[in-house]
Amino acid sequence: DIQGVIFDLDGVLTDTAEYHYRAWQRLADEEGLPFDREANEALRGISRRASLMKIIGDRVYSEAQIEDMMERKNQYYVDSIDAISPTDLLPGVLDFLKEIKQAGVKTALGSASKNARPVIEKLGIAEYIDVIGDGHSVERPKPAPDLFLFGANELGVDPAACVVFEDAAAGIEAALAAGMWAVGLGPVERVGEAHVVLSSLENVHWADLRGKLQQLAK
Ligand code: G6P
Ligand code: MG
C-alpha cells in the first residue's frame, strides 16, 4: 500500500514554472540568445545549470560568465517569488494535502529548486510537508532517481510504496527510475509515461487515486 507521497513543486503545487520562464526569458533577451515559451518547455523540472546549457546551445562562455548568468536569472526569479502567497496554490492542492494528512500518509517535497523552501513557507503549506528534498539535497538532478530516493529514505518509506506527483517528463523518468508510482500532471505528450495522468489536482481525491494505483498493482 502507498505510505509516502512525494510532490514536485514547480508546476504541481504552484505555478512558479511561469516565473522561472520569465526569468530565463529576461536573461536570454539580455544575452541576445534565442528563447521563447516553447523552448522553455524543455526546461521543465531540470536544474538551473542544465537549463542554462540548453539555452546557450553551441555558444561558448567561460565558467565565470555561466555563473554570472545563473546568478542573474536567479535574482530575477527570487524577486518574482517575493509576493507568493497561499492564493498561488494551484486548484485542489490544499484539499488534497489535507486528505493525505488525514489518511496518515507521509509527504516529501522533491524539487530541483534551491528556492523550494521559501516558496513552501510563502504558500503556507509547510505543516503538510514532512520532509523537504530540494536543489541542495542531492548531486545528480532529475531524470536521475536520487532526489526521490532521498525523500523516501528520509521518510523511512520503501520506494515501491511511494507515489510521485510530477509535471515534467524528466521528473516522471526519475520517479520510474526510483521504482515509484508516478502521477503525471499535464498533457499526455509531456507526462504520458506516468502510471496515471491527470490535468490537475482539482477534485482529485486521495481515496480514489489510491484505489486506482492498488488496481494497477494487481
Ligand atoms: C525546478 C523547476 C526548474 C528550475 C529548477 C531549479 O525543477 O521546474 O524550472 O530550473 O527547479 O530551480 P532553482 O530555483 O534552483 O534555480
Ligand atoms: Mg515541475
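This briefing describes the magnesium site, the nonpolar cores and the pockets of a predicted model. Local features need pLDDT of at least 70, side-chain atom pairs count only at pLDDT 80 or more, and totals for chains, interfaces and linings use all residues. Residues are numbered from 1 along each chain as its sequence is written, ligands are numbered from 1 in the order in which they are written, and side-chain values use heavy atoms, with hydrogens and water left out.

**Magnesium site**

- The magnesium ion (ligand 2) has Asp-8 (OD), Asp-10 (O) and Asp-167 (OD) as its protein donors, at 2.0 to 2.1 Å; donors are N, O and S atoms within 2.8 Å of the metal (3.2 Å for Na, K and Ca), and sites may look incomplete because water is not among the atoms.
- Along the chain, these donors follow the spacing D-x1-D-x156-D.
- Asp-10, in the loop between S1 and H1, and Asp-167, in the loop between S4 and helix H8 (169–177), are 157 residues apart and link distant parts of the chain. Helices (H or I, at least four residues) and strands (E, at least two) are DSSP runs, numbered from the N terminus.
- Asp-10 is buried, with a relative accessible area of 14%, and Asp-167 is buried at 2%. Buried means under 20% relative accessible area, exposed over 50%, and partly exposed in between (1.4 Å probe, protein chains only).

**Nonpolar cores**

- The largest nonpolar core has 38 residues, and those with the most contacts inside it include Phe-7, Phe-96, Phe-165 and Trp-206. Such a core is a set of buried Ala, Val, Leu, Ile, Met, Phe, Trp, Tyr and Cys residues joined through side-chain atoms within 4.5 Å.
- Among the elements that each supply at least two residues of this core are strand S1 (4–7), helix H5 (93–102) and strand S4 (162–166).
- A second, separate core of 18 residues includes Val-157, Cys-162, Ala-175 and Val-191.

**Pockets**

- The largest pocket has a volume of about 740 Å³. A pocket is an open set of points on a 1 Å grid over the protein atoms alone, where a 1.4 Å probe fits, with protein on both sides within 12 Å along at least five of seven lines; lining residues have an atom within 4 Å of a point. The volume is the space filled by probe spheres set on the points, which are joined across faces, edges and corners.
- Of its 37 lining residues, Ile-46, Ser-47, Arg-48, Ala-112 and Ser-113 are the closest to the centre.
- H1 gives the largest share of this lining, five residues.
- The second largest pocket has a volume of about 180 Å³.
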